[in-house]
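Visitor: Could you take me through the aromatic pairs and the buried residues of this structure, one step at a time?

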Amino acid sequence: MEKRIIPTGLSAILIGGLLLTACSSQTGVSSSTVSSKGETGTAVETGNSAGAEDADPFGKYEPSVKMTFARTVDNDLNDNILPKTPGETIDKNRWLDLYSKDLGIDISYAWTVRGGLNDDAYTQKLNVTIASGDLPDVLIVNRTQLKQLAESDMIVDMTDYFDQYASKHTKEVYNSEGPGILQSATFDGRLMAVPYADASVESTQYLWLRKDWLDKLKLEPPKTMQDLRKIAAAFTTLDPDGNGKNDTYAMAITKNLYNGAMGVEGFFAGYHSYPNMWVKKDDGTLAWGSVLPETKDALRALAEMYKAGEIDPEFGIKDGAKMAELVAAGKLGIDFGEQWNPMYPLISNYQNDPTADWVGYPIVSADDTLPKVPQKFRTQWYYAIRKDYANPEAVVKLINLHLEKNWGENNEFDHYYMPAENEGKGVWKFSPVTPAPTNKNLEAFNEIQKARKLGDMSILKGEPAIIQKNLEAFYAGDTTQWGWEKIYGPDGVFNALNGYIENGQVMREEFVGAPTPTMVDKQSSLRTMELEMFVRIIMGDVPVDEFDKFVDNWNALGGAQMTKEVNEWYQSVKK
């Protein structure tokens, strides 16, 4: 997603081509404005947008103010949520009504497009909008785009607005991972956008195994990488599906390698290798994990497994969708991925074969040292406010109310997040801003476990109560809820996460700043080179020792300079 640094100004954003935009809307309401250089200007004030002395995190604008967004409509929203929520649409729904009624903020969309923020359809529509020069009040951008906008002086400095208007709950959420979330949107000490506070904990890797295959082959769950390698050989050669054919592989891997499902990062961690993230070395400096020596050991192991037929010989040309077809067909028994894997792609295997029993285990180590479990920095999207928009603090108020209605002391979770009347579908997606507490899923699991131990499920409220209803539906025969049981059931995968935490195994990514100049210029090509070389090594097209040449080339083509810049940033934030 990183783009090359280009001259500042609108032309820079046009070439970047990925900014979320829509038509602007002048509200006729103005407040104290702060430029991206931190210079305070004077403007006419109306409504509740006065200075710090009367800033109200939930204050209502009278008269109301208008705010424009553009947005995506993903498959879940289009195919699952809207059909189950009759009477509500993208343009008229409970969230937009709430923001208008409680805050006096009237939200509209200049356009919507099917898909997600990363999809081509969205990007193409976005380019047309930018070319028109008619920008929305709020832009949703990634880290590289935010840097470009800040350098172009096109967005509001949100430092003072966030400090004055963010509620106590909002500030707790945004500081829940230390300074990293806000730091990622900070340039020269100024907060240039409000991040979408994503949860690093959700990048945690687990080892998903077909326990029914283990049982059939009389194998125990693995405690070491050596155990797992033996399981992989058995899954490949001992006909675990019982069809009398040599047609099963062990481990699911896609050509992209680094994925929340069917990836390799959990496997690499077993060799104390942490590719695709910035890690701290023993000397206290930061390094790109992909080029450290331990990565060679993990690649060697994967190459051995590929040669032994334990990995699909065509993985190098298969994306997630294609590999998921093999999972659904019951041809794979090992999957490294995140907690949601039972929702996709593993449930498709269960739907085709109700005996398929995928269970999540902790990742394992190749030696006597427990592996660190990588948690990548996940905050990648930001709400940036158009420079001339009159009420930039309104975005902070939207975030406050979204968090309060879903997770505040007097929350209405069962109406604004997962209402029972539409079978618990996520109506939170109707909102144009969707922040969430970063540890909410683990906390929900622990609340449910507590209720189980007490034998009293009536103590559950909010999200844990909704999840428990899904579990009860599964136990009553609703097989569509299978994934919930694999995640939140008594033996659910969050038990492994609690173990990681108790054992001190969690390792957070160290670099959380804005992209450095070389990162913007070179990282995309370096990542492409990395993936291509790693796939070739695994498939045996080149010997494992080519890894050493790759590291040399990576450094020569920008990696060394990028590492220098990352460490300069690291030293600056440590002071």
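Predicted model: local features only at pLDDT ≥ 70, side-chain atom pairs only at ≥ 80, totals over all residues.

Visitor: How many aromatic pairs does a search of the whole structure find, and what is the geometry of the pair formed by W95 and Y416?

Guide: The search of the whole structure finds 24 aromatic pairs. In the one formed by W95 and Y416, the centres are 5.0 Å apart and the planes stand at 55° to each other. Stacked pairs need planes under 30 degrees apart and edge-to-face pairs over 60, so the pair of W95 and Y416 counts as tilted.

Visitor: How many residues apart are W95 and Y416?

Guide: W95 belongs to helix α3 (residues 94-103), while Y416 belongs to helix α16 (residues 413-416). The pair therefore links distant parts of the chain, and the separation is 321 residues.

Visitor: Is the pair of Y206 and Y500 stacked or tilted?

Guide: The ring centres of Y206 and Y500 lie 5.8 Å apart, with the planes at 20°. Because planes under 30 degrees apart meet the criterion, the pair of Y206 and Y500 is stacked.

Visitor: Which elements hold Y206 and Y500, and are these residues buried or exposed?

Guide: Y206 lies in strand β10 (residues 206-210) and Y500 in helix α20 (residues 494-502), so their pair ties together parts that are 294 residues apart in sequence. Y206 has a relative accessible area of 1%, and Y500 likewise has a value of 1%. Since the limit is under 20%, Y206 is buried and Y500 is buried.

Visitor: Which residues of the largest nonpolar core touch the most other members?

Guide: As a general rule, in soluble globular proteins nonpolar side chains tend to be buried together. Here the largest nonpolar core has 169 residues. I334, leaving aside neighbours within four places in sequence, is in contact with residues including L207, W208, L209, F235 and W358. The members that touch the most others are L146, F267, L302, I334 and Y488.

Visitor: Where is S167 found, is S167 buried or exposed, and which side chain does S167 join in a polar contact of 3.0 Å?

Guide: S167 is found in the loop between α6 (159-165) and α7 (168-174). With a relative accessible area of 7%, S167 is buried, and beyond four places in sequence S167 touches P57, F58 and N400. The polar contact of 3.0 Å joins the side chain of S167 to that of T170.

Terms used. Residues numbered from 1 in each chain as written. Heavy atoms only, no water. Helix = DSSP H or I, 4+ residues; strand = E, 2+ residues; numbered from the N terminus. Buried < 20%, exposed > 50% of the residue type's maximum accessible area, 1.4 Å probe, protein only. Polar contact = N/O pair within 3.5 Å; in protein donor to acceptor, adjacent residues only side chain to side chain. Contact = heavy atoms within 4.5 Å. Phe/Tyr/Trp six-rings, centres within 6.5 Å; stacked < 30°, edge-to-face > 60°. Core = buried A, V, L, I, M, F, W, Y, C linked by side-chain atoms within 4.5 Å.
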